[in-house]
Amino acid sequence: VVINEIMYHPFSPWGVTNLTEYIELYNAGPSAVDLSTYRFDNGVAADFPFGRTIGPGDYLLVCQDVTAFTTAHPGITNVVGNFEGTLNNAGERLTLSRLEGGTNWITVDTVEYNDYGPSDGDGPSLELINPGFAKFRNQYYGAWAASIAPYTNGSPGVQNSVYDPNPAPVVGDVSHEPELPFPNSAVTITATAGGFGSGGLASVMLKWRKDSVPQATWNVSMMYDNGGNGDAVAGDGEYTIRFPGVADPPMQSGEILEFCIVATDTNAKALTAPATSRSGVTNGPYSYLCMFVEDMYTDCAYPGEYDTYYIIMTASNKNVLQTRPVSSDELLDCTFVTSDGDLFYNSGVRLRGGSSRNQLYGNYRVEFPRGEQIAGYRDISLNYDQSQLQYIGMKTVTASGYDCHASAVKLVRVWLGN
């Protein structure tokens, strides 16, 4: 039994509550399943009636409000409810569990969704492309998609509108360590990837180049899931590469590695990640960025006194940011790294402010991918112009007892690019 569809933010043009929210379950197995010992225990709470079963190939809708749901979707009778709580419009993790041995609850399926795209209030639901992807415990790109016509308000009780019997692979959980590798050193890049069906994956490749103007041609290097070549555990779906390899040119101080992950299955279907942005950047191409640098804190009397934020951009995007009209609010793709080791690929950055907007001042707005936060914030504003006076003023306002965003102000160092 898998979580097959999520309607977390129905179309609500008049600001009404989302009473038609639902979670669809699908039985992908060969026999009926008794749901009496199942429950939702994360995100929302719901138990199933004693004796309730779901047959092979059948669907069951778990609703926030059965009356509201059946009014919106007449004719659908395979429903239960009402679940406790609401599906968070900002995203959350849902977990379906099963009781075993009378005392132990084990996870049957779990998925974390984010508030991104047309599923976030425009009408469509979020659909699993193929039940075979339910084994991946996160919303990996390629595993889920917004419902499409004619099911622009979801597809409860029927096969998902985006169903693909032979889908392309999925890629997720991309990371690199250390987050800011030293010059002439190596970085470990990892990604979780999987293919549908018994054939699995034929290859996972690192597609890479040193950032430059003009941009260089792409290179490819093999990633491994064999317990060797830098990989920790064989066969766990996590692919690894140590870069640069022995035959690759070293990365010098300030150089930026631009890379993508390409997963290809045994049917020659391929997916290149990142394929999109969840931070509001609308124009690609998108890539992951890693800067090789040793921050010597030569501008600081006391190194480490302030947190440092590194906004890493390709040279072409940085040039756009610094030469286009200052009034532009279009976000540009970047990787955001903190001195504490936080890493946010495919964030968005632009200039910010009113009369203070200036490419030389360093006033930036950074928006993080939906579902990711720094210190509890989905986006931050960085002010260079008279920053110390702003800091003192906001701290004074906070000390005076006013409850406002001024309490969140702090002083930081900022790097832009290399």
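A residue is called buried when its relative accessible area is under 20%, exposed when that area is over 50%, and partly exposed in between. The model to be explored is a predicted one.

**Stop 1**

Begin by selecting Ile-256, which belongs to strand β18, residues 256–265. Is Ile-256 buried or exposed? Its relative accessible area is 4%, so Ile-256 counts as buried, the cut-off being under 20%.

Next, select Val-170, in strand β13. Val-170 is buried, at 1% relative accessibility. Between Val-170 and Ile-148 there are 22 residues in sequence and 20 Å in space, taken from C-alpha to C-alpha.

**Stop 1**

Strand β14 covers residues 187–194 and is joined to β17 by 6 bridges, the two running antiparallel.

**Stop 2: a sheet of mixed pairing**

Which order do the strands of the 6-stranded open sheet follow? The order is β8-β7-β2-β1-β11-β12, and the pairing is mixed. The edges are taken by β8 and β12 (144–146); each has a single partner strand, so one side of each has no neighbour in the sheet. Here the twist averages 25 degrees from one strand to the next.

Within this sheet, select β2 (residues 22–26) and β7 (residues 59–63), which run antiparallel and are joined by 5 bridges. Tyr-26 is placed opposite Tyr-59 in β7.

**Stop 3: a hairpin and a buried aspartate**

Select β9 and β10 together. They pair in the antiparallel sense over 10 bridges, and they form a hairpin with 3 residues between them. In the turn, Gly-101 has a positive phi of about 70 degrees. The bridge partner of Glu-100 is Asn-104 in β10.

Then move along β10, residues 104–114, to Asp-109. Asp-109 is buried, with 4% relative accessible area. Show the backbone of Ile-3 as well: its nitrogen lies 2.7 Å from a polar atom of the Asp-109 side chain.

**Stop 4: backbone geometry**

Most residues other than glycine have a negative phi, and most peptide bonds are trans. The following selections depart from that pattern.

- Gly-81 and Asn-82 are joined by a cis peptide bond, with omega about 10 degrees. Asn-82 is in the loop between β8 (79–81) and β9 (91–100).
- A cis bond also leads from Gly-284 to Pro-285, with omega near 0 degrees. The loop that holds Pro-285 runs between β19 (270–273) and β20 (288–291).
- Asn-229 has a positive phi, near 55 degrees. It lies in the loop between β16 (219–222) and β17, and is partly exposed at 47% relative accessibility.
- Asn-346 has a positive phi, near 50 degrees. This residue lies in strand β23, residues 343–351, and is buried, at 7% relative accessibility.

**Stop 5: the largest pocket**

Rolling a probe the size of a water molecule over the atoms shows where empty space is left. How much space lies in the largest pocket? The value is about 1200 Å³. To find the pocket, select Ser-381, Leu-382, Asn-383, Lys-410 and Val-412, which are the closest to its centre of the 38 lining residues.

Which elements each supply at least two residues of the lining? They are β21 (307–312), β24 (364–367), β25 (379–382), α3 (387–399) and β26 (412–416). Finally, colour the lining of the largest pocket by class: 20 residues are nonpolar, 9 are polar and 9 are charged.

Methods
Residues are numbered from 1 along each chain as its sequence is written. This is a predicted model: local features need pLDDT of at least 70, side-chain atom pairs count only at pLDDT 80 or more; totals for chains, interfaces and linings use all residues. Side-chain values use heavy atoms; hydrogens and water are left out. Two strands pair if DSSP finds at least two bridges between them. Helices (H or I, at least four residues) and strands (E, at least two) are DSSP runs, numbered from the N terminus. Buried means under 20% relative accessible area, exposed over 50%, partly exposed in between (1.4 Å probe, protein chains only). A polar contact is a pair of N or O atoms within 3.5 Å; within protein, one must be able to donate a hydrogen and the other to accept it, and residues adjacent in sequence count only if both atoms are side-chain atoms. On a 1 Å grid over the protein atoms alone, a cavity is a set of points where a 1.4 Å probe fits but cannot get out, and a pocket is an open set with protein on both sides within 12 Å along at least five of seven lines; lining residues have an atom within 4 Å of a point. Grid points are joined across faces, edges and corners, and a volume is the space filled by probe spheres set on the points. Ala, Val, Leu, Ile, Met, Phe, Trp, Tyr, Cys and Pro count as nonpolar, Asp, Glu, Lys and Arg as charged, and the others, Gly among them, as polar. Axes are lines fitted to C-alpha atoms, for helices over the stretch in contact, and angles run from 0 to 180 degrees between N-to-C directions.
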